[in-house]
Amino acid sequence: MSYISKKQEMNYWAERLGVPLASSGSELEMLSLHELKIVDLMPEMLVMVRSVMAKQTFCIRRKPITAFENGISISFQNIISSPLNATDIDKKALQQTQPHVRIIPLNIESDVSFPKDINIQQITIIISLDYLKSFVGKDHVKFDYLFFNDKTLWIEEFMSPEIAEVANEISITKISDTLSDAYYRLKSLELLFYLFKNLSTRVHVPHQHLSKYELKLVYDVRDKIAASINRPFLQNELVQSAGMNVIKLRKLFTQVFGKGMYPYYQHLRMKEAARLLREEHLSVSETGYQLGFSNLSYFGRLFERHYGSKPKKWIQKNMNNS
């Protein structure tokens, strides 16, 4: 499919979903649209697979989607490619767009960011809540914050290895027209199964009203945590920068990210430790010291808690499987 026809298809579906792109035309000209696949499984769901790269960093405001009376958008951001000569700004943008899953209701406006020169392969499932509830079955009561949401619902979840594997399979697999709808429905439901498996382990907090300003503050705190994983965790500094009391910040942070601030910090450190061991081929001690651990025994125990084995055994296993 040529760039022009991809853009025409994107405009067609934006119109059909009730979010015309006319007002965003100039910004969208800055997008290189490498891949676009839209699978119409309406009225239950719509699946979009796309790969885009922006020539300049920009942001557009996405209007509420009106094609579904009651639904949510589940976006799997699964592959991020770093530019060769990233500036500090690019690195921050890259940090903020690491693989994750974001869930938001269709009836709200949201900002969609496109960092410069970062290839983002994304799978978005727009799904009816009635259909989703039927899929989850009797266990839907465990996820009432999804099915009885108001305009403040906003959830971000780490991408598990199972989700990443299925998302990558969907991204790279070329399907002929024969049974293509069946393939994408099956794979989308597989993604949803693993997502709900993740969601079932989130720390439960009563969901409360979350303003746009509060959401920004929570993400600012998250970004500060992500930028400081090689330094001691300083909760007081985060609370001070957010400008809200510690109890409220803890609740809102956990509501959005499913973990408290300190467990989130440790989770990011262990993800980075795994990357340094696997991709940078650092030793266990080098990895621990680079992430600010003075006690390597504690580093090993924490790594084992996250990955099921001590770093050296984990390296051997991953080297054997690569």
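Mentor: Happy to! Contact here means heavy atoms within 4.5 Å. Bear in mind that this is a predicted model: local features need pLDDT of at least 70 and side-chain atom pairs count only at pLDDT 80 or more, while totals for chains, interfaces and linings use all residues. Residues are numbered from 1 along each chain as its sequence is written, and side-chain values use heavy atoms, with hydrogens and water left out.

Let's start with Arg202. Setting aside neighbours within four places in sequence, Arg202 is in contact with Tyr145, Ile155, Glu156, Glu157, Thr254, Gln255, Val256, Phe257 and Gly258. Arg202 is found in the loop between helix H7 (180-199) and helix H8 (212-226); helices (H or I, at least four residues) and strands (E, at least two) are DSSP runs, numbered from the N terminus. Its relative accessibility is 13%, so Arg202 counts as buried. Buried means under 20% relative accessible area, exposed over 50%, and partly exposed in between (1.4 Å probe, protein chains only). A polar atom of the Arg202 side chain lies 2.9 Å from the backbone oxygen of Val256.

Next, helix H4 (residues 129-136). Leu129, Leu132 and Val136 are its buried residues. They cover an arc of only 60 degrees around the axis, so they lie on the same side of H4; the arc is that of the directions from the helix axis to the C-beta atoms. Asp130 and Ser134, on the other side of H4, are exposed. Ser128 caps the N-terminal end, with a side-chain oxygen 3.2 Å from the backbone nitrogen of Asp130. After H4 comes Gly137, whose phi is positive, near 75 degrees.

Now for the rings. The structure holds 19 aromatic pairs. Rings of Phe, Tyr and Trp (its six-membered ring) pair if their centres lie within 6.5 Å; planes under 30 degrees apart count as stacked, over 60 as edge-to-face and the rest as tilted. The rings of Tyr262 and Tyr265 have centres 5.8 Å apart and planes at 35 degrees, so this pair is tilted. Both tyrosines lie in helix H11 (residues 261-278), three residues apart, about one turn of the helix. Tyr262 is partly exposed, with a relative accessible area of 40%, whereas Tyr265 is buried at 3%.

Elsewhere, ring pairs link Phe293, Tyr298, Phe299, Phe303, Tyr307 and Trp314 into a cluster. The charged end of Arg269 sits over the ring of Phe293, 3.8 Å from its centre; a charge sits over a ring if NZ of Lys or CZ of Arg is within 6 Å of the ring centre and within 35 degrees of the ring normal.

Conventions
A polar contact is a pair of N or O atoms within 3.5 Å; within protein, one must be able to donate a hydrogen and the other to accept it, and residues adjacent in sequence count only if both atoms are side-chain atoms.
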